Amino acid sequence: MPIEILMPALSPTMEEGTLSKWLKKEGDTVSSGDLLAEIETDKATMEIEAVEEGTLAKILIAEGSAGVKVNAPIAILLEEDEDASALDGFETGNSGPSFETPPAEAPQDEVKSQSNGNNKTKTSPHPEAGRQSGDSKGEGGETRIKASPLAKRLAADAGYDLSAITGTGPNGRIVKRDVESYDGAKAAPRSADKPAAKADPHAGTDVGAVRSGGANYLEKLGINPGTYDLTPLDGMRKVIAKRLVSSNVDVPDFPLVIDCEIDALLAMRKELNGQAPEGVKISVNDMLIRASALALKHYPEANASYTPDGIAYHHHADVAVAVAIDGGLITPIVRGAENKGLSTISSEMKDLAGRARERKLKPQEYQGGTFSISNLGMFGIKEFGSIINEPHGMIMSVGAGAPRAVVKDGELAVATVMTVTLTCDHRVVDGAIGAQWLQVFKRYIEQPITMML
Amino acid sequence: MANKSFDVVIIGSGPGGYVTAIRAAQLGMKVGIVEKDALGGVCLNWGCIPTKALLRSAEVYHNMQHAKAYGLTAEAGYDLKAIVKRSRDIAKQLSGGVSYLMKKHKIEVISGFAKLEKGTDAPKVIVGKDTITAKHVILATGARARTIPPAGLEPDGKFIWTAKEAMVPDTMPKKLLVIGSGAIGMEFASFFSAFGADTTVVEMVDRILPAEDAEISGMAQKAFEKRGVKFLTNAKVNSVTTGRDVTAKIEVNGKIETHNFDRVILAIGIVGNVEDMGFEDVGVKIDRTHVTVDEFSRTGVKGLYAIGDLTGPPWLAHKASHEGVICIEKIAGKNPHPLDTNRIPGCTYCHPQVASVGFTEAQAKEAGHEIKVGRFPFMGNGKAIALGEPEGLIKTIFDAKTGELLGAHMIGAEVTELIQGYAIAQTLETTEEDLMETVFPHPTLSEMMHESVLDAYNRVMHI
């Protein structure tokens, strides 16, 4: 029986990916553990490895195909004792003609292909993707989505990802009411279903009605087609949009701003780097990570996440650091940073940032975390606020350190001052907690010797 | 004087009450059910079941009269007493069946008339000298035929019948007036006219079976008229007076006509059984004879619920049962979904039968849907022809944009057995695609359900 190789879910949030490269050709012998292909997901590029042995008989999804849905068949493997004739009459999970399925169509057959899974095999991501315990989407990379045919069609028409919708039907099946009550759907009630009134270019300024968007989204807002280039949303952009919108809607946040004098910190950094072994170079950012982590350890009330069941107080300070990369940003995490010295933090950060730029991070390296830091100081930004990256309770925005006039002992003086803005999720971090955490943080920054203890 | 206590007590043992009792027992509750009359309620004793028995006799009689068409000879004759006896025996048999089910599930049946008094967890239920306490009390007291005494529209022991009297007729009327052309009125019109009663049906609105799709109403009226039933639409009976027979003053399109009949059947709706049980004393809200409840049948009084005909429409046995199950599952801490009343099929067992589920064409348009409509006539179906039932139609209504099955409407032989297919389709939220991909066996009447869907998308095969 030929074995179908399915598009693996490399992370809990992965819905689709780009099959960027095949590492095996049709006809190649495949042993368990062999690398088959490279998959580019929303945030990373990863290799997938074979679980079964055999011959790669047929590649169903060509290299470079984007938007391949999780669990869509991507190739067919013949077992050792089978020859190509076994492929005669063998159909992939979709109902269409077996091998002629063009890549673009495969994703639409996603759900069907999952329903009769006896002759399927799951590819395992390599390296094994870390799966968060709270993930409810099933085990072992399988993300079967139960949805009624009508719900599927409604979601497809509205451009919603089914995996983002919570099902309330039998056994969590997504039904019509779930799609209709889905966040995005609220703005598009049934009236939006009606055929649009005659194309009156001035009639479309009703912002509520344009959201089903696509090509004429901007036109309805008064921007003529042809006056701009449209870049399709890639996986990362979709995730950024989805997560930040939901954070902005769901999280009641407030900012706290404080100035830190960093002359002592800069001096200590110079001294450290002067004595550091070859290859080690501590950055200001590394010191901010360490100071934040120590402040979180010192003040655990601030190291918290809101959940509907209660407030989670984290045991470790897992500090996520925003790294700008081509086409977006990503937040690799220094885990247990409160227990890591500056040189460890520095070398970890260097490695994470480097691989982030190549989009080679593993999901467990950028998913989760308890706190984040975003630093735009290098661009001369004096101060700014950030949007909370759930489930983090706080995010710290770091501005540029620059000489400023300060008053010391009643005298005007010059100090290097860095303004940081702490944005807090008020559901878990109240004003006083955030402020006290900032005091602790500021003490570490202004008396940096204390962070060496 | 005895005191009893239960987890849940249900008042009324119709299809709402007894099904709820069984589900409660399955959920591990200690259940009591109070019934003042026979187990099974109106449905089983004076409604759904005995009328189906009567209509079956009418159907067989009709076939005997038309035996020649099938190459048979038969001498058609009937014995009204025996027909009624058969109907009563069937009701009795099924009521006995409910009694067995109660025993099987260890549900205590309490005979008598229940009254509510204020209690702690839930109102106390007083039956005779007994006081029954329970954590939850579910009212399932049902409904009865509406009467209008000032106009003479109430049973008089001889000429004027409600459904209950019409079910045990002493005589086959020569001239029969049926007031109301809903399901009950049309079933009796069908029954009595089949045995030769000269039947006139009066309907207030402009078409019969007003709850059905207008196209189906029209076809039903034509089919009945073909068999000699007369209809007065846009008409109402102002009064009836009785003497040697019944004189009815009927206002048709504003003009008053006087007609004489020897029997009159009232089928002008129902009223909820809300009286004399102390409902209002414990704080139940009643709106035009029906108890006001939320989507999980809660009355707003602590521990007190109401289901079935006692509450809002549609007033159907299967609605009562389903509502009761939802109510008791909610009580048991499960997570049922409220009943979607638009997915409750309705059936009328007249000849020809009528069945429907979901929106009519007019309702679908009114709800703002752009629609696709499919139709398939019985004439194009091999099985219908072989059965000698070439009259009828299956009509389907889809949302043009999403392919959602908004409604289905049928008239013709055995359609009451077919409608369930579409009800499942709606519940599973299938689209036209799934229905088209479903294989319907040949030769069956059900093939018309497939063809109707195909027709909506211009793919019909056999017309």
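**Close-up 1. Where helix α8(A) meets helix α9(A).** A:Asp286, A:Met287, A:Ile289 and A:Arg290 of α8(A) touch A:Leu342, A:Ile345, A:Ser346 and A:Met349 of α9(A). Sort the residues of this contact by class and you get 5 nonpolar, 1 polar and 2 charged. Keep in mind that everything shown here comes from a predicted model. Two packed helices are described by the angle between their axes and by how far apart those axes are. Here α8 (residues 284-298) and α9 (residues 342-357), both of chain A, have axes that come within 9 Å and cross at roughly 120 degrees. That angle is why α8(A) counts as oblique to α9(A). As for handedness, α8(A) passes α9(A) in a right-handed crossing.

**Close-up 2. Helices α1(B) and α8(B) side by side.** Over in chain B, α1 (residues 17-26) packs against α8 (residues 317-331) at an angle of about 35 degrees, and their axes are 8 Å apart. From α1(B), the contact uses B:Gly17, B:Val19, B:Thr20, B:Arg23 and B:Ala24, while α8(B) brings B:Ser321, B:Gly324, B:Val325, B:Cys327 and B:Ile328. By class, that is 5 nonpolar, 4 polar and 1 charged. The crossing of α1(B) and α8(B) is right-handed.

**Close-up 3. An open sheet of 3 strands in chain B.** Follow the strands across the sheet and the order reads β12-β13-β14, with antiparallel pairing. Which strands sit at the edges? They are β12 (235-242) and β14 (255-261) of chain B, each pairing on one side only. On average, neighbouring strands of this sheet are turned by 25 degrees against each other, ignoring direction. Strand β13(B), residues 246-252, pairs with β14(B) over 7 bridges in the antiparallel sense. For one spot to look at, find B:Glu251, whose bridge partner in β14(B) is B:Ile256. Strands in a sheet pair through backbone hydrogen bonds, in a parallel or antiparallel way.

**Close-up 4. Strand β24(B) and its partners.** Is β24(B), residues 405-412, buried or exposed? It is largely enclosed by the rest of the structure, because 8 of its 8 residues are buried. Strand β21(B), residues 354-358, runs antiparallel to β24(B) and is joined to it by 5 bridges. In this pair, B:Ala355 stands opposite B:Met410. Strand β23(B), residues 392-399, also runs antiparallel to β24(B), with 7 bridges joining the two. Here B:Lys395 has B:His409 as its bridge partner. The hairpin of β23(B) and β24(B) has 5 residues between the strands, and in it B:Gly403 takes a positive phi near 75 degrees.

Terms used. Residues numbered from 1 in each chain as written. Chains lettered and ligands numbered in written order. Predicted model: local features only at pLDDT ≥ 70, side-chain atom pairs only at ≥ 80, totals over all residues. Pairing = 2+ DSSP bridges. Helix = DSSP H or I, 4+ residues; strand = E, 2+ residues; numbered from the N terminus. Axes fitted to C-alpha atoms, helices over the stretch in contact; angles between N-to-C directions. Parallel < 35°, antiparallel > 145°, perpendicular 65-115°, else oblique. Left-handed = near helix turned anticlockwise from the far one by under 90°. Contact = placed C-beta atoms within 7 Å. Nonpolar A, V, L, I, M, F, W, Y, C, P; charged D, E, K, R; others polar. Buried ≥ 20, exposed ≤ 12 C-beta atoms within 10 Å, placed from the backbone.
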